[in-house]
Structure formats: structure tokens, C-alpha cells
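This briefing goes through one structure by topic, from the overall layout to single residues. Please keep the sequence and the coordinates open while reading.

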Amino acid sequence: MRILIACPTLGVSSEVWILRQIDGLVGLGHDVSVLCWQSKVYTPQDFTDRPVLVVPKGMKMYTGLRRWIQRL
């Protein structure tokens, strides 16, 4: 199964669970791709063999009220 995981920031110490979830999905044989707006994964040992697309800074994710206005 192909899975796309989208998260605002990859590798934040307070959200280490997302890396564990990705590792678990890969361990089950799923094809996992990651989309994020900022990556703080510094070492290859932390995150290897998975495609990670970092969105350019000019394409910020909508937050707050702008997020809901955009969806209407």
C-alpha cells in the first residue's frame, strides 16, 4: 500500500512519534512517502531510504482562520 504522510515539521523532538510511525509502516511493507514544510532530521541514521519532499518556504501551509477560509 502506498501512503503519503504530511506533517508541518519532520524531526521535532516533541513529535518523535511520527518517525516511529513511519518506521512501523515501512516495517509492515508499505511504500511510505513524506511531505513536510520543514525538516529537522539531521543524520541519515534517523531517517533513511524514504522519499521526503520538503515544500519550499514560499508555499506556507495555511493555519488558523486562513486555513478554513481557503477550504470554503
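What pattern does the protein chain follow when read along the sequence? The order is β-α-β-β-α, and the model in which this pattern is found is a predicted one. In keeping with that pattern, the protein chain holds 2 helices and 3 strands.

**Overall figures**

- Of the 72 residues in the protein chain, 21% are buried.
- The accessible surface of the protein chain comes to about 5,700 Å², and carbon and sulfur atoms account for 57% of that surface.
- Among contacts in the protein chain with a separation of 6 or more, 55% are made by residues 24 or more positions apart.

**The sheet and the helix across it**

- The 3 strands form an open sheet in the order E1-E2-E3, and the pairing is parallel.
- E1 and E3 stand at the edges with a single partner strand each, so one side of each strand has no neighbour in the sheet.
- From one strand to the next, the twist averages 20°.
- Between E1 and E2 the parallel pairing extends over 8 bridges, and along this pair Ile 3 stands opposite Val 32 in E2.
- Helix H1 lies across both E1 and E2, and its direction is at about 165° to E1.

**The nonpolar core**

- The largest nonpolar core has 10 residues in all, namely Ile 3, Ile 5, Cys 7, Leu 10, Ile 18, Leu 19, Ile 22, Val 32, Val 34 and Cys 36.
- Strand E1 (2-10), helix H1 (17-27) and strand E2 (31-39) each supply at least two residues of this core, and E1 gives the most, with 4 residues.
- As a general background to such a grouping, nonpolar side chains in soluble globular proteins tend to be buried together.

- How many disulfides does a search of the whole structure find? The search finds 0.

**Lys 40 and the residues it touches**

- Lys 40 is placed in the loop between E2 and strand E3 (52-54), where its relative accessible area of 35% makes it partly exposed.
- With neighbours within four places in sequence left aside, Lys 40 is in contact with Thr 9, Leu 10, Gly 11 and Val 12.
- The C-alpha atom of Lys 40 is separated by 9.0 Å from that of Ser 13, although the two residues are 27 residues apart along the chain.
- Thr 9, one of these contacts, lies in strand E1. Is Thr 9 buried or exposed? At 17% relative accessibility Thr 9 counts as buried, because the cut-off for that class is under 20%.
- Beyond residues up to four places away in sequence, Thr 9 touches Glu 15, Gln 38 and Lys 40.
- Gly 11, also in contact with Lys 40, is found in the loop between E1 and H1 and counts as partly exposed at 25% relative accessibility.
- Gly 11 touches Leu 19, Lys 40 and Val 41 when residues up to four places away in sequence are not counted, and its C-alpha atom is separated by 6.2 Å from that of Ser 39, which is 28 residues apart from Gly 11 along the chain.

**Ser 33 in strand E2**

- Ser 33 lies in strand E2 and is partly exposed, with a relative accessible area of 21%.
- Which residues is Ser 33 in contact with, leaving aside its neighbours within four places in sequence? The contacts are Ile 3, Leu 4, Ile 5 and Pro 51.
- Ser 33 and Arg 2 are 31 residues apart in sequence, while C-alpha to C-alpha they are 7.8 Å apart in space.

Methods:
Residues numbered from 1 in each chain as written. Predicted model: local features only at pLDDT ≥ 70, side-chain atom pairs only at ≥ 80, totals over all residues. Heavy atoms only, no water. Core = buried A, V, L, I, M, F, W, Y, C linked by side-chain atoms within 4.5 Å. Buried < 20%, exposed > 50% of the residue type's maximum accessible area, 1.4 Å probe, protein only. Contact = heavy atoms within 4.5 Å. Pairing = 2+ DSSP bridges. Axes fitted to C-alpha atoms, helices over the stretch in contact; angles between N-to-C directions. Disulfide = S-S within 2.5 Å. Areas by Shrake-Rupley, 256 points an atom, 1.4 Å probe, with all protein chains shown as cover.
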